[in-house]
Amino acid sequence: MQAISRRLGQKQPTAPLCSLKSIYPISDHYYGADHRRQDSTLATKGVGHLVRKGTGGRSSVSGIIATVFGATGFLGRYVVQHLAKMGTQVLVPFRGSEDSHRHLKLMGDLGQIVPMKFDPRDEDSIKAVMAKANVVINLIGREYETRNYSFEEVNHHMAEKLAMISREHGGIMRFIQVSCLGASTSSPSRFLRAKAAAEEAVLREIPEATIVKPAVMIGTEDRIMNKWAHFAKNYSFLPLIGDGSTKIQPVYVVDVAAAILAALKDDGTSMGKIYELGGPEIFTIHELAELMYETIREWPHYVKVPVPIAKAIATPREVLLKKVPFPLPTPNIFNLDEINALTDTVVSENALKFHDLGIVPHKLKGYPVEFLAQYRKGGPQFGSTISERVSPDSYP
Ligand SMILES: NC(=O)c1ccc[n+]([C@@H]2O[C@H](COP(=O)([O-])OP(=O)(O)OC[C@H]3O[C@@H](n4cnc5c(N)ncnc54)[C@H](OP(=O)(O)O)[C@@H]3O)[C@@H](O)[C@H]2O)c1
């Protein structure tokens, strides 16, 4: 492990750690062994020494080659941006259209961001996208089921498979798994149970893996404030499931990406640790909705939906999902699994947090929610100053 930190050009860990080879036993059977022609493209015994060049900026070479699974998603773009900024080569496995990774290519120098088509169900294709890497970051996750993919397959089994392949790879120095705050094997939510099972599976395969558990993430492409603002604009009210008193600790997505990078760049202290990443303030759902209304400069209108009624609205999709021969719409405000998980979800007192990674998370009010200005009905300049609530009397 000292070799790892030395290669990464970082401070040596104080306690002597075992060598990489003893952590990740190198298997005799290597990828492509059955196919001679593929030998040269697949790493068999790690990726060799890190080559570092430059002063550390975007055009430098950090020596890290990271495969970021789930890079095409919301958090992915910020993680790739941070990686590219330090001169890391980023391998971007994607499964959908060629458009899904277009925005990422611009974040690095020519050839620095490498999109690679893969099939998450095909082990060989996963091995191929990991072959040249020395770091794996798993951001794959989905908070609803589809006809093709269950909660368990996406959130648990895929993570387990990635960890297993990384262990066999022999050259993966760091494995970072992104889980979710509130993930627990006893949660009423299948999504959160699957995330907890993934944490266990990853640590079983690679005890040195780092796990980060972000709270609900806020940012330009988020799926909470955008969803609410969109709904409020379309229907002139916002449904509050329960009475809106559930406590959450939303976090700015850029801080989560920074935390992942801080863990990656440290001297190995974050290895084998679990971090709970919540923002600096705890909000009730109602207070967060107020912040949304305040930023879009609309007068708040809520409809309180009792939990049993919310479940009744959300249930038909889940019941019909696998029974009808066509895809059903993505759940929006009424996601049955999320409704089942509606309990206070905040960072626990004893958990490792942002400050253990040397990061001070941003408050949400201000820049992190500025993107909501796009929902102002009179354009971004509508209303008076930011944070000043518009009353119905001041409507144009
Ligand atoms: N967003 C939040 O508020 C939040 C809060 C806590 C934790 N998290 C966790 O943080 C991670 C990143 O979140 P995010 O908001 O960036 O998620 P996201 O925007 O939904 O992106 C998820 C990524 O996972 C990939 N993915 C989903 N289903 C897949 C499948 N069946 N096979 C292969 N890839 C699949 C997606 O690829 P495609 O583009 O091909 O679909 C996408 O790249 C996830 O693990 C999530 O559970 C998110």
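**Where does arginine 297 lie?** Arginine 297 lies in the loop between α10 (285–296) and β13 (302–305). Helices (H or I, at least four residues) and strands (E, at least two) are DSSP runs, numbered from the N terminus. This is a predicted model: local features need pLDDT of at least 70, side-chain atom pairs count only at pLDDT 80 or more, and totals for chains, interfaces and linings use all residues. Residue numbers start from 1 along each chain as its sequence is written. Arginine 297 has a positive phi of about 55° although it is not a glycine. Most residues other than glycine have a negative phi. With 22 C-beta neighbours inside 10 Å, arginine 297 counts as buried. Here a residue is buried if 20 or more other C-beta atoms lie within 10 Å of its own, exposed if 12 or fewer, and partly exposed in between, with C-beta atoms placed from the backbone.

**The whole protein, for orientation.** Stepping back, the protein has twelve helices and 13 strands. Buried residues make up 42% of its 396 residues. Now for contacts: two residues are in contact if their C-beta atoms, placed from the backbone, lie within 7 Å. Among the contacts with a separation of 6 or more, 74% come from residues 24 or more positions apart. The mean pLDDT is 86, and 84% of the residues reach 70 or more; pLDDT is the predictor's confidence in each residue, from 0 to 100.

**Residues 1–46, a stretch to read with care.** Over residues 1–46, pLDDT stays under 50, and the model has 65 contacts beyond four places in sequence for them. Where pLDDT is low, the predicted coordinates should not be read in detail.

**The largest nonpolar core, seen around isoleucine 260.** A nonpolar core is a set of buried Ala, Val, Leu, Ile, Met, Phe, Trp, Tyr and Cys residues joined through C-beta atoms within 7 Å. The largest one has 99 residues, and Val79 and Ile260 touch the most other members. Helix α9 (residues 253–265) gives the most to this core, with ten residues. If you skip neighbours within four places in sequence, isoleucine 260 is in contact with Val79, Ile137, Ile176 and Val212.

**The shell around the ligand.** There are 22 residues around the ligand, and Gly70, Gly73, Phe74, Leu75 and Gly141 come nearest. To count, a residue needs its C-beta atom, placed from the backbone, within 6 Å of the molecule. The shell divides into twelve nonpolar, seven polar and three charged residues.

Ten of the twelve residues of α3 are buried, so the helix is largely enclosed by the rest of the structure. Among the buried ones are Leu75, Tyr78, Val79 and His82. Just after α3, glycine 87 takes a positive phi of about 80°.

**Helix α7 and what covers it.** Helix α7 (residues 190–205) has 16 residues and reaches 22 Å from its first C-alpha to its last, close to the 22 Å expected at 1.5 Å a residue. That expected span is 1.5 Å times one less than the number of residues. Its buried residues include Phe191, Glu199 and Val202. Among the elements covering the buried residues of α7 are α6 (151–169), β5 (174–178) and β6 (210–214).

**Isoleucine 211, on strand β6.** Isoleucine 211 is found in strand β6 and is buried, with 26 other C-beta atoms within 10 Å. Not counting residues up to four places away in sequence, isoleucine 211 touches Gln177, Ser179, Glu199, Val202 and Ile274. The C-alpha atoms of isoleucine 211 and glutamate 199 are separated by 7.1 Å, with the two residues twelve apart along the chain.

**Lysine 363, in the segment after α12**. Lysine 363 is partly exposed, with 13 other C-beta atoms within 10 Å. Leaving aside its neighbours within four places in sequence, lysine 363 is in contact with Pro280 and Glu281. Proline 280 is 83 residues away along the chain, yet its C-alpha atom and that of lysine 363 are separated by 6.1 Å.

Key: Ala, Val, Leu, Ile, Met, Phe, Trp, Tyr, Cys and Pro count as nonpolar, Asp, Glu, Lys and Arg as charged, and the others, Gly among them, as polar.
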